[in-house]
Amino acid sequence: MGDMVQCRLCKRLFPITEMSEEHYPARCVGNTDIVGVDIIKLVDQLQSTEMHHYIIQSMENGNCVEQAIGDYFDEEVAKSLYPKGRTAQTLCRECNTFLGNYDKCYLRFFNENGNPKAIKGFQKATKIKIIKSIFAKFLSVPEAANEAFDFIDFIKNENAERYDGLWKLYFVRRDFSSDIFGMPDIGTGRAEFEEGIVYELSDEKFIFNLMNFPKHDCFEMNDIFDILERNYKPVIGVGKDGGY
């Protein structure tokens, strides 16, 4: 039989070969070839003449400054971290397919940049699926692998419209001010506070924080359930204190 793995959603056991490769976040929101910046190499290059010579040579070949810098970055500084995107074997194939219906709704939210005028036009059922899509993605976040989340039934029940459990889900829309070379960091993370735990997950446009305590007042963020309200307005950027 080999190693058996428990699906994080349905809780059934499967051979690891029968588990799906779940993308977190979804592939369609930027989780394809994830590239990072080799900071040490970048610093070294800035202190040498190699970058200067490369850019000059590129411009002599007919490229503009922006293209020359971009080419240098792609070839010399960028490194592929996850060529196929971030994936985890945390869901069985059936559950992965089930959650795909939620992801399709989130993609609409993503494509609209969370625009309140557009989101107000979504049906309530669509908004609920958007919310469930994000909650579900945290089932695949490596840092949360041992966490016993209490929103499983909310996700599994397509008709459920309320979740009153322990975990709060907040988000902000990126303003890209802290992204190196304009590249959004779509990593994951975990932080501990006296009040509890915060998990982070992000895509190319939004940053999500899942936490088992109400957010601190100093951080301005949307509660994910805000999208159900008529006065919903997205918080843009991470605020003066940097967010979680």
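**Rings, charges and cysteines**

Me: Which ring does the charged end of Lys205 sit over?
Reply: Keep in mind that this is a predicted model. The charged end of Lys205 lies 4.5 Å from the ring's centre, and the cut-off for such a contact is within 6 Å. The ring belongs to Phe110.

Me: And Lys132, what is the distance from its charged end to the centre of the ring of Phe154?
Reply: Here too the charged end sits over the ring, that of Phe154. The distance to the ring centre is 5.1 Å.

Me: How many aromatic pairs turn up in the whole structure?
Reply: Rings pair if their centres lie within 6.5 Å. Searching the whole structure on that basis gives a total of 21.

Me: Take Tyr106 and Phe208: what kind of aromatic pair do they form?
Reply: Their centres are 6.1 Å apart and the angle between the planes is 65°. Planes over 60 degrees apart fall in one class, so Tyr106 and Phe208 are edge-to-face.

Me: Which elements hold Tyr106 and Phe208, and how many residues apart are they?
Reply: This pair links distant parts of the chain, and Tyr106 and Phe208 are both buried. Tyr106 is in helix H4 (residues 93–111) and Phe208 is in strand E10 (residues 206–211).

Me: Why is the pair of Phe149 and Tyr199 edge-to-face?
Reply: The centres of the two rings are 6.1 Å apart. Over 60 degrees between planes is what counts, and the pair is edge-to-face because its planes are at 80°.

Me: Where in the chain is Phe149, and where is Tyr199?
Reply: The two are 50 residues apart, in distant parts of the chain. Phe149 is in the loop between helix H6 (124–137) and helix H7 (152–156), and Tyr199 is in strand E9 (residues 197–202).

Me: Is Tyr199 buried or exposed?
Reply: The cut-off for buried is under 20% relative accessible area. Tyr199 has 2%, so Tyr199 is buried.

Me: How many disulfides does the structure hold?
Reply: A disulfide needs the sulfurs within 2.5 Å. The sulfur of Cys7 is too far for a bond, because the closest cysteine sulfur, in Cys10, is 3.6 Å away. Cys92 is in no disulfide either, with the sulfur of Cys95 3.5 Å away. The count is zero.

How values were computed: Residues numbered from 1 in each chain as written. Predicted model: local features only at pLDDT ≥ 70, side-chain atom pairs only at ≥ 80, totals over all residues. Heavy atoms only, no water. Phe/Tyr/Trp six-rings, centres within 6.5 Å; stacked < 30°, edge-to-face > 60°. Helix = DSSP H or I, 4+ residues; strand = E, 2+ residues; numbered from the N terminus. Buried < 20%, exposed > 50% of the residue type's maximum accessible area, 1.4 Å probe, protein only. Lys NZ or Arg CZ within 6 Å of the ring centre and 35° of its normal.
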